[in-house]
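Could you walk me through this model in my viewer, one selection at a time? I'd like to know what to click on next and what I will find there.

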Amino acid sequence: MSALPPRTFFDKVWADHVIARLGDDAELLQIDRLVLHELSGSQAVRALAEAGRTPVSRGQVFTVIEHLISTEPGRGPTDSVSKSGPIMIETTRKASRDWGFHFIDYDDPRQGIAHVIAPELGIAFPGATLVCCDSHTSTVGGVGALTWGIGASEAEHVLATQTLSQAKPRTMRVNFTGRLAPGVYAKDMILALIGRIGAQGGIGYATEYAGSAVSALPIEGRLTLCNMSIEFSCKYGFVPPDETTIEYLKGREFSPKGADWDRAVAYWRTLPTDPGAAFDREVTVDCDALEPQVTWGISPQQVAPIGSSVPDPSQAADSEARQLATRALEYMCLAPGTPLKGIPIDVAYIGSCTNARLSDLRAAAEVLRGRKVKAGIQAVCVPGSTPVKRAAEAEGLDRIFKDAGFEWHESACGFCGHIGSDRFADLRVVSTTNRNFEGRQGPKTRTHLASPATVAASAIAGCIADARGIA
Amino acid sequence: MESLRKVTGIAAPMLRINIDTDQIIPALFLGGTDAKGYGANLFHGSRFLADGKPNPEFILNQPPYDRAQILLADRNFGCGSSRERAPKALREFGFRAILAPSFGGIFFGNCYRNGIIPVELPIEIVRSIAAEVDGSGGTAQVSVDVEAQVVVAPSGARYPFAAPTTLRQMLMEGMDEIALTLARGDEISRFREADQARRPWAY
């Protein structure tokens, strides 16, 4: 037997997809799955048609209506709070039908946020390359696939060639050691990591999440972890496949079947990182002492344990951090030294590709059961997919949410980004989403990122609250 | 791809880290499937006041920076959302080059595909160019030579930079990336045939 040098999961998957070397810095990669939504996918399909080209491998393209479609119960086929929502939805719908993509329309029982349904339907699988014009495509790396966000021009390129030119990134491994305490979740792990290495910490890297706390995470938690890779500017985040992954994918609609399944599983088991394989950077985060995390600023790196206070910019490590913190506190209307617990909120939001899967809704429902949202607080839940919504309803979670005072919506990207509804304008939101950027959820909206349990506890208290004291 | 070999012009300093694509163009203005029509809303949140009038404090509303073709930025410029309307909006405003210590990865590639060169330079150099520009009231010109891979500051100081070979070549020649890849059709077909035998479930 030839002794191959130990390789990382990333190296193996990358090597298996290289068609050709382009110059000295890029490689032409085979793309196994292209997923498009109406916000950016509509641009890609229109540009392709205008260039007089057609898709080359329609069976590898999946389209879904989820970004701009309304979340209101009883929504119609083009209902959207975005003025140009209807044209973008119709463009995507027509191209999908004309070209014969796997199309999941707004009323399809499989509909949902692209990154929620890609694992849920088995569109993604270990060792696949999957791209989507959306930065949170890194989410799907939670099932051991190599997945990343691309621009609309790149999507047009994939449609026309089923390939993409990419420069190979460096590799980072984040070892989450120890064990999560009850009431601490994948969201807290990833927020703590971003706080540690900064919003730029992942530029030019592909990140593998490893360690005992990751192995112990169910797939849904791994998806949350990988989702926020892009929030430290890392395009690719993944958890190599293990038995949890294989068990999760078995029997899903697009998962391999029969003899293919057995062959696929045998191949997937060869993919994890070999012992002794080298990474360009290694980071360790101890989970034993990890507390729930809440952001206080306008970058996901501006985060702190829930038991702590808003930092004082004058105590910042350097002038840059001071400047950033000062701007953040001004935007967030917060004074240094204010305890995070107790900051009054206006809105509690549960939704998005980060934290709106069934386990997220269960964690929130556990806190909400038998309790009421504080008067005057808007509380909104937008399930991550229609299957998640149906499953939640089947176990009565919708009743718990509604009885507590939460709105219960149809699935879509909803209020994670500001596409036209000013509902959250100039309000303070505690949110299970992924971005607390200025204006992200609306004009002057002040977003605090947290886990579903923290958001639920805060909805009841009317201020940022620790779920561990309640549930 | 729109061609770019060299740009010489006004450079606007915007030295703040983590300027994300939501700030470059908010999601509210991503509407439509058109390739153009985004420049008017570039930096909307900072560029306009609540009543819709231009914010006089914002640098791109101040002459001569309102004619800037080069942006001087800080770390992680263009992080966040993959929206390609971000470089489209910058290009429509007039920008052809962005100098920064680092860029969001998706944005970096999107720039090339929209006629803009993202140039990675250490922050000390970006700050020094910004200081020269400031000292001239903004009128001193900066030059970015894609062909020679060098930035020339108003003082004449020359700063070489590295750029990805393939993307740089495509930008200089204004090449159609899809046509280039389609020209490799046989190679792609051979790969796919062998790969499909090995991983039939991927097809």
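Between chain B and chain A there are 34 residue pairs in polar contact, both residues at pLDDT 80 or more; such a contact is a pair of N or O atoms within 3.5 Å, where within protein one must be able to donate a hydrogen and the other to accept it, and residues adjacent in sequence count only if both atoms are side-chain atoms. This is a predicted model, in which local features need pLDDT of at least 70, side-chain atom pairs count only at pLDDT 80 or more, and totals for chains, interfaces and linings use all residues. Residues are numbered from 1 along each chain as its sequence is written, chains are lettered from A and ligands numbered from 1 in the order in which they are written, and side-chain values use heavy atoms, leaving out hydrogens and water.

With seven residues, α8(B) gives the most to the side of chain B that touches chain A.

Now show Asp16(A) and Arg198(B): their side chains meet in a salt bridge at 3.7 Å, N to O. The rule (a side-chain nitrogen of Lys or Arg within 4 Å of a carboxyl oxygen of Asp or Glu) finds seven salt bridges across this interface.

Finally, move to strand β2 of chain A, residues 26–30, where five of five residues are buried (under 20% relative accessible area, 1.4 Å probe, protein chains only). Ala26(A), Leu28(A) and Gln30(A) point one way, Glu27(A) and Leu29(A) the other. Look for Ala20(A) opposite Leu28(A), and Gln166(A) of β8(A) opposite Glu27(A).

Note on methods:
Buried means under 20% relative accessible area, exposed over 50%, partly exposed in between (1.4 Å probe, protein chains only). Helices (H or I, at least four residues) and strands (E, at least two) are DSSP runs, numbered from the N terminus. Two strands pair if DSSP finds at least two bridges between them.
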